[in-house]
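Look at the model first, then read on.

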Amino acid sequence: MSNHAVSSVLILGVLLSAFLSGCGPRSDEKVIRMGYVSGTSELLHAGALDFAARVAERSQGRLRVKLYPAGQLGDDRETVEGMKLRSIDMTVMGCAIVGWYAPEYGLIEAPFVWRDYEHIDRVWQGEIGQDLRATMRARAGVDMLHLWYRGPRYLSTTSKPIRTPDDLRGLKLRVPELEVYIKSWQTFGANTTPLPFTDMFMALKLGVVEGQENPLATIYGNNLHEVQKYVMETQHLIGFFVFCVGPHFDERFTAEERRIILAAAEEATAWHNREVERSEAEYREKLTAAGVEFVQVDREAFLSLAKEKIPDQFDGVWKPGLYRRILETP
């Protein structure tokens with residue numbers, strides 16, 4: 001046998017010995033697959049990392065959360081299908097899933113529905129939230145366990161401060177390509193222009209549109225402050241992600257494993273939500289330092305118009321009386 005062949009056999013033997021001796025994954029380790037579309041630079045990913053670390057610590061390494069960020073396992077629709085097919089165990093995703101499987105609850109992404117995070121939590125823990133979760137469990141096969149807050153959305157403009165709906169008249173406003181956004185901002189008086197997010201910066205820079213609406217993190221992270229002078233304190237949509245597990249969760253994990261996973265999820269949720277509130281203040285400071293002016297608005301005027309006109313535009317789609325019930329939840 002040549003020296004080269006001997007070396008190859010020795011290397012193969014060392015690798016095989018290392019594998020058999022446990023240098024690879026622990027033989028008693030159970031992997032939890034978690035996929036989501038948010039990228040690695042986003043706070044959601046940091047929350048997922050926090051969750052994974054807590055699971056590993058609580059289980060003493062017997063459970064390992066394997067993260068698949070940035071849509072590695074597909075978009076939100078594909079992630080839901082993956083959970084049904086048992087290829088994905090859990091996710092954290094936006095509320096588009098509700099619009100797909102329970103459109104009668106689609107108003108949760110309408111503007112001026114939510115007053116603050118506490119309002120969201122009370123609705124979520126009450127009868128409305130329980131009914132929504134039961135509906136999603138029956139139709140989509142997912143259990144919606146926890147809310148991960150997103151920063152509120154703000155209106156921003158290039159050269160004109162907006163204080164009342166009247167100030168919006170004729171303003172060319174970029175909106176996402178979603179019906180609830182288009183109809184709502186038309187109701188407030190804007191001249192809506194649905195555009196993909198990727199086209200927005202250049203459209204603002206060239207004056208194709210004069211305004212847009214997004215959370216502060218998105219405004220700053222995408223350098224919109226370079227082409228937007230005013231940020232209105234509308235906080236018109238206080239959105240959230242939802243931490244979900246698949247329909248096989250109870251079957252795949254023992255009672256003790258579920259206890260560990262659910263406790264870690266609750267703690268990671270609390271950590272993530274505290275970070276959202278902290279980062280809001282940080283982005284506000286950064287935008288102010290960059291020369292952006294924050295403008296107070298007559299929020300009651302917007303809310304009054306929303307209550308009067310928006311629900312009728314979704315008659316036959318939204319659950320009857322649900323809009324009023326949410327607004328009247330203390």
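Helix α13 gives the largest share of the lining of the second largest pocket, three residues. This is a predicted model: local features need pLDDT of at least 70, side-chain atom pairs count only at pLDDT 80 or more, and totals for chains, interfaces and linings use all residues. Residues are numbered from 1 along each chain as its sequence is written, and side-chain values use heavy atoms, without hydrogens and water.

**Pocket**
- The second largest pocket holds about 190 Å³ of space.
- A pocket is an open set of points on a 1 Å grid over the protein atoms alone, where a 1.4 Å probe fits, with protein on both sides within 12 Å along at least five of seven lines; lining residues have an atom within 4 Å of a point.
- Residues lining this second largest pocket include Trp318, Lys319, Tyr323 and Arg324.
- Two or more lining residues come from each of α12 and α13 (322-327).
- Helices are DSSP runs (H or I, at least four residues), numbered from the N terminus.
- By class, the lining of the second largest pocket has six nonpolar, two polar and four charged residues.

**Helix pair**
- Helix α7 (residues 179-187) packs on helix α12 (residues 299-313) at about 140°, with axes 10 Å apart.
- That angle makes α7 oblique to α12.
- Lys183, Ser184 and Thr187 of α7 meet Leu305, Lys309, Ile310 and Gln313 of α12, where contact means heavy atoms within 4.5 Å.
- The residues of this α7 contact with α12 are two nonpolar, three polar and two charged.

Terms used:
Axes fitted to C-alpha atoms, helices over the stretch in contact; angles between N-to-C directions. Parallel < 35°, antiparallel > 145°, perpendicular 65-115°, else oblique. Nonpolar A, V, L, I, M, F, W, Y, C, P; charged D, E, K, R; others polar. Points joined across faces, edges and corners; volume = space filled by probe spheres on them.
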